[in-house]
Amino acid sequence: MPKDSGIGAASKRREDVRFLTGAGNYTDDINIYGQAYVYFLRSDVAHGKINSIDTSAAAEMPGVVRIFTGADFEGVGGLPCGWQVTDRHGQPMQEPAHPVLAQGKVRHVGDPIAAVVADSLQEARDAAEAIELDIEELPAVVNMKAALQEGAPKVHDDLTSNLCYDWGFVEDNKAAVDEAIKNAAHVTTLELVNNRLVANPMEPRVAVGDYSRANDESTLYTTSQNPHVIRLLMGAFVLGIPEHKLRVVAPDVGGGFGTKIFHYAEEAFCTFAAKKCNRPVKWTASRSEAFMSDAHGRDHVTKIELALDADNNFTAIRTETYANMGAYLSTFAPSVPTWLHGTLMAGNYRTPLIYVNVKAVFTNTVPVDAYRGAGRPEATYQLERVVDKAARELGVDPIALRRQNFISEFPYATPVAVEYDTGNYFATMDKLEEVADLAGFEARRKASEASGKLRGLGVNCYIEACGIAPSNLVGQLGARAGLYDAATVRVNATGTISVMVGAHSHGQGHETAFPQVVADMLGIDESMIEIVHGDSSKIPFGMGTYGSRSLAVCGSAMVKATEKIIKKAKKIASHLLEASEADIEVKDGKFTVAGTDKSVAWGDVTLAAYVPHNYPLEDIEPGLEETAFYDPSNFTYPSGAYCCEVELDPDTGKVTIERFAAADDFGNVVNPMIVEGQVHGGIAQGIGQALLENCVYDDEGQLLSASYMDYAMPRADDVPFYVVDHSCQTPCTHNPLGVKGCGEAGAIGSPPAVVNAVIDAIQSGGKNVLHIDMPLSPQRVWAAMQD
Amino acid sequence: MAKVTMTVNGRKVSGEVPGNRLLVEFLREDQRLTGTHVGCDTSQCGACVVHVNGKAVKSCTMMASEADGADITTIEGMAEADGTMHPIQQAFQDNHGLQCGFCTPGMVMSAAALLKDNPNPTEADVRHYLEGNICRCTGYHNIVKAILAAAGQDVSKIAAE
Amino acid sequence: MYAFDFEQPKTIAEAVAALADDEAQPLSGGQTLIPTLKQRLAMPSKLVSLTAIPEMKGVCMNGNTLCIGGATPHAVVAAEASAYPALAALASNIGDPAVRNRGTIGGSIANNDPAACYPSAALASGATIVTNSREIAADDYFQGLFQTALEEGEIVTEVRFPVPQAANYQKFVQPASRFALVGVFVAKYADGVRVAVTGASNDGVFRWTEAEAALSANFSPSALDGLSVSADGMIGDLHGTPEYRAHLIGVMTKRAVAAAS
């Protein structure tokens with residue numbers, strides 16, 4: 001029976017009312033009296049030496065407050081990188097400086113050179129056009145393999161080469177993997193590209209810096225997924241502002257998908273300039289600016305080999321990946337192709353030997369960092385494509401080949417360092433076969449063929465690792481941050497509750513789902529609980545929202561804090577009821593002496609805490625507020641099986657998604673409506689990657705897909721209704737809610753299903769096409785079918 | 001500068017605008033009606049859709065001066081005076097047709113224009129009509145469902161689990 | 001945007017006078033021009049809006065000719081050009097609904113974007129482009145990418161389409177912009193068939209005369225068997241090679257004929 005409140009209920013989202021009525025408060029909706037506007041003059045060449053910048057004429061233009069260049073940031077910290085990867089030889093990665101405004105060189109189209117602060121945006125832009133730049137264009141490196149050639153132009157002159165690191169994982173397995181591949185009965189090899197994407201949350205990035213001379217306090221309003229992380233990075237590493245004098249607020253944020261995790265130059269600039277100009281300074285990215293300044297995602301070039309024995313058991317996997325870092329290291333960029341990618345290469349399968357090599361490369365392109373899934377989609381894509389190709393080469397059913405190699409016993413320690421606590425891959429595959437109606441496929445294929453179309457079916461599995469943790473482990477892996485989260489539960493005198501959480505909601509519905517948990521624990525109505533997030537001055541600390549972590553990590557902190565509340569409230573109740581604390585039960589908003597009808601209402605207990613007239617003051621303090629920090633003991637491992645059915649027009653190469661089904665195991669589910677919505681959105685992004693989206697540079701480093709005119713965003717008519725199921729639930733064994741996270745699954749699980757389906761459709765037409773790189777645009781599919 | 005006067009959500013408003021003032025700037029900055037959003041600069045995302053004389057228009061691609069004398073409805077004008085949401089707004093909440101909420105005002109305004117022209121659309125009609133409204137969060141599933149529900153259709157069987 | 005003045009005349013004569021100023025530019029819906037202005041790719045001193053001129057608006061029949069005022073939005077053409085269903089269908093698929101409420105036929109024809117839909121209809125229909133000063137045959141009007149026979153300050157006040165016996169427009173969309181990657185308009189008249197192609201050529205909209213000859217003899221898809229367009233001169237970009245576009249012209253033409261016949 002579906003519940004109508006608490007954990008498991010499809011509670012309607014309370015945040016919707018403000019979003020639906022135009023009452024949201026996004027960063028661009030914030031206007032502060034006297035604010036000035038900043039326009040960034042950005043490089044229009046991919047690589048160049050700055051000979052001179054003359055701002056004298058521009059500074060005289062109407063409305064100009066002040067013009068800043070790289071010189072103004074001498075002695076100011078650069079944008080820090082939050083993860084240090086150690087290479088195959090035990091050496092730290094090469095880590096270049098990343099100035100707020102370019103110093104000496106520009107390294108990608110969009111690299112900010114100067115910033116004009118003026119009374120209006122138009123005046124700022126007019127003045128920017130009057131800045132005289134002398135930039136000597138240098139040859140650019142765009143292609144990763146070319147960037148590693150001897151004599152290639154160097155993105156950073158002070159580094160030894162364009163190689164950021166050469167990472168091997170697990171290095172000690174390498175010889176055994178090589179040997180197993182040499183001796184295999186069959187080896188399937190696949191070379192592929194995981195296309196560069198632009199996250200494109202619909203709200204472009206915005207920053208408003210404000211400075212109060214009265215108390216020497218800086219405030220930054222910014223479109224961030226993790227305001228505390230920005231406060232830490234910007235305060236400690238860039239601008240040297242102590243935490244107690246720096247407030248970072250991320251109000252309503254219009255989507256993030258990873259690209260709003262990172263600390264960006266523009267937000268540091270606005271904070272810096274507000275103090276220098278003694279005026280609030282506002283920056284709002286145009287979409288065109290977003291394309292050349294938001295961190296991009298993916299961009300891997302990979303060769304994967306899968307070895308099988310004579311019985312089709314997987315015996316070894318070897319992969320070699322070139323991962324594009326872009327021109328600078330974005331905040332978490334080094335971790336994505338390594339610890340978020342290599343550790344997932346076992347997928348859902350019992351492959352005893354795995355070796356992953358990743359070469360991270362600097363190029364004259366926008367920095368690349370985490371985008372929905374971050375490393376896990378890249379792992380899943382190559383693995384699930386190579387398994388599909390192996391099935392085709394061996395002439396076996398791709399589902400049967402997967403089932404034969406599924407991990408079936410848990411916990412399972414993979415050869416790539418992680419231990420899956422729980423899962424049931426057979427159950428999700430069984431469920432998928434049912435909800436996708438695989439039995440009806442042949443009839444549907446015949447119907448398509450009757451109308452001159454080809455029809456294909458693609459299936460794949462995925463596993464992801466969410467809630468990246470624990471801190472002491474990730475610290476050993478190079479993280480320069482802890483990966484816990486925090487929550488404060490503040491119970492008010494009348495029993496209403498404010499929960500201050502470190503997670504940030506920018507579409508995930510925390511304001512609705514988190515209260516469901518607390519309400520369940522206390523037996524009170526959800527409406528009595530309010531979630532506060534996104535303001536460093538209101539919340540003890542928090543690591544923010546990314547990697548499908550919010551409920552698993554921050555939600556667990558909230559549970560721990562609520563447990564402390566219950567413990568203290570029981571003490572108060574036992575005093576009021578004159579009973580032993582051990583006999584007090586909390587249920588339905590009441591504290592009851594077990595086995596009796598003696599009880600005291602929640603509100604009476606909370607009132608006693610704040611009006612402690614009849615209160616055990618000798619034992620406990622008044623008040624009812626508790627904070628907990630939670631550091632998980634392991635990742636969580638959601639998994640699932642996805643199925644895509646496509647129709648292909650052989651005359652044009654156009655692919656239409658006819659059906660899409662997902663069977664996920666997210667462990668326990670707090671709000672199924674929200675969970676399904678997350679999967680829907682992820683699937684659309686995965687379909688976008690597979691069929692539509694491609695961020696393309698030309699050989700000179702000019703961005704060709706620089707707007708929605710050339711970067712194809714999925715639209716309503718590109719996708720069907722999806723069938724999503726999350727009834728297979730193996731609860732996480734190590735967090736109190738048994739939840740695993742659902743935010744990225746759709747984007748991880750869907751690209752291989754789509755590509756497998758298109759290959760199947762082409763094969764059904766008699767053409768032996770085994771691979772096409774994403775996006776499978778009509779032109780690429782048609783061209784592949786001509787060979 | 002030129003004086004423009006228009007009726008916005010039933011209220012007569014006026015202001016002095018330069019020739020290059022966009023309608024969306026007039027609404028967001030001069031009128032402080034920040035419910036209408038700007039998500040792109042190539043007239044594609046649709047976050048800025050408002051109604052001008054009853055027609056859906058991208059307010060980022062119309063000059064404020066062109067709207068002189070017009071009757072404008074924005075997302076702020078959709079609910080009843082007492083705060084009761086419009087049936088389309090309610091259908092979006094009931095069917096989880098929004099996540100981050102940024103594209104939502106434009107989606108609701110486009111949906112309202114669609115249902116005015118076509119009170120009983122098919123799924124394909126809805127998807128086609130939303131060509132100029134991009135959402136990055138929902139995968140469109142629940143948006144399409146919400147609009148069909150707002151049209152009074154039974155959506156309980158859509159992609160049933 | 002740069003700073004500019006704005007004017008909204010009520011008559012064609014006023015509009016022509018307003019456009020006589022240096023660097024004045026007509027604004028006819030603005031669905032292409034305003035994004036261009038935002039990128040600061042144009043620097044007019046003044047925008048002259050053509051959308052408040054009653055004599056430039058509306059759809060009517062004159063004998064067997066459909067006349068559309070230059071400032072008529074696509075949505076109005078879609079709703080009211082029922083005498084020419086293929087043209088109404090074309091209009092109903094330009095851009096998106098909000099764009100169709102603002103964008104106008106005159107703006108589209110004057111801009112002559114190589115991927116726009118209307119130029120193919122005008123050329124395939126042998127339409128007459130009426131301006132404030134003259135009438136121009138479509139065959140003379142379209143002169144390459146963004147190039148037309150219009151003089152400085154001349155505005156498209158009306159487009160006259162002879163209504164064909166049968167016609168159809170097939171658009172294969174570019175997946176990002178949703179403009180035509182290739183669009184083919186086929187129109188069959190008593191004196192022959194005309195085929196115009198948009199989206200494909202480096203020279204903008206053009207007539208595929210070989211197909212016209214074959215279809216004039218036999219108006220059926222099979223008449224196109226063996227015919228193909230050379231990839232030379234076709235556009236090559238992120239979304240399609242010249243070869244792909246040339247191939248699509250054949251496919252779309254066949255489909256248009258099948259749908260029309």
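Biologist: Which loop of chain A holds P470(A)?
Modeller: This is a predicted model. In it, a cis peptide bond joins A469(A) and P470(A), with omega about -15 degrees. P470(A) lies in the loop between β20 (454–463) and α13 (471–476) of chain A.

Biologist: Where is P411(A) found?
Modeller: The peptide bond from F410(A) to P411(A) is cis, with omega near -5 degrees. Most peptide bonds are trans. P411(A) sits in the loop between α10 (398–405) and β18 (412–413) of chain A.

Biologist: Is R32(B) buried or exposed?
Modeller: R32(B) belongs to the loop between α1 (23–30) and β3 of chain B. R32(B) is not a glycine, yet its phi is positive, about 55 degrees. R32(B) has 10 other C-beta atoms within 10 Å, so R32(B) is exposed.

Biologist: Is E23(C) buried or exposed?
Modeller: E23(C) is in the loop between α1 (12–19) and β2 (24–27) of chain C. Its phi is positive, about 60 degrees, although E23(C) is not a glycine. Around E23(C) there are 10 other C-beta atoms within 10 Å, so E23(C) is exposed.

Biologist: How is α15(A) oriented to α16(A): roughly parallel or roughly perpendicular?
Modeller: Take helix α15 (residues 550–577) and helix α16 (residues 602–610) of chain A: their axes come within 9 Å and cross at roughly 95 degrees. Angles of 65 to 115 degrees count as roughly perpendicular. That makes α15(A) to α16(A) roughly perpendicular.

Biologist: How many residues of the contact of α15(A) with α16(A) are charged?
Modeller: From α15(A) come A569(A), I572(A), A573(A) and L576(A). From α16(A) come D604(A), V605(A), A608(A) and A609(A). Seven of the contact residues are nonpolar, none is polar, and the charged count is one.

Biologist: Which element of chain C is included in what covers the buried residues of α19(A)?
Modeller: Helix α19 (residues 778–786) of chain A has buried residues P778(A), Q779(A), R780(A), V781(A) and W782(A). Their cover includes β28 (639–649), β29 (654–665) and α18 (745–764) of chain A. Chain C is included too, through α10 (242–260).

Biologist: Which element gives the largest share of the side of chain A that touches chain B?
Modeller: Here 44 residues of chain A are in contact with 46 residues of chain B. The elements that give two or more residues to the chain A side are α1 (16–20), α8 (287–293), α17 (672–692) and β30 (722–725). By class, that side has 20 nonpolar, 14 polar and 10 charged residues. The largest share, six residues, comes from α17(A).

Biologist: What distance separates the centres of domain 1 and domain 2 of chain B?
Modeller: The domain assignment of chain B gives domain 1 (2–77) and domain 2 (87–150). Taken over C-alpha atoms, their centres are separated by 21 Å.

Biologist: Which element gives the largest share of the side of domain 1 of chain B that touches domain 2 of chain B?
Modeller: In chain B, 15 residues of domain 1 are in contact with 11 residues of domain 2. The domain 1 side divides into seven nonpolar, seven polar and one charged. The elements that give two or more residues to this side are β3 (49–52) and β4 (55–58) of chain B. The largest share, three residues, comes from β3(B).

How values were computed. Residues are numbered from 1 along each chain as its sequence is written. Chains are lettered from A and ligands numbered from 1 in the order in which they are written. This is a predicted model: local features need pLDDT of at least 70, side-chain atom pairs count only at pLDDT 80 or more; totals for chains, interfaces and linings use all residues. A residue is buried if 20 or more other C-beta atoms lie within 10 Å of its own, exposed if 12 or fewer, and partly exposed in between; C-beta atoms are placed from the backbone. Helices (H or I, at least four residues) and strands (E, at least two) are DSSP runs, numbered from the N terminus. Two residues are in contact if their C-beta atoms, placed from the backbone, lie within 7 Å. Axes are lines fitted to C-alpha atoms, for helices over the stretch in contact, and angles run from 0 to 180 degrees between N-to-C directions. Angles under 35 degrees count as roughly parallel, over 145 as roughly antiparallel, 65 to 115 as roughly perpendicular and the rest as oblique. Ala, Val, Leu, Ile, Met, Phe, Trp, Tyr, Cys and Pro count as nonpolar, Asp, Glu, Lys and Arg as charged, and the others, Gly among them, as polar. Domain bounds come from an automatic or database domain assignment.
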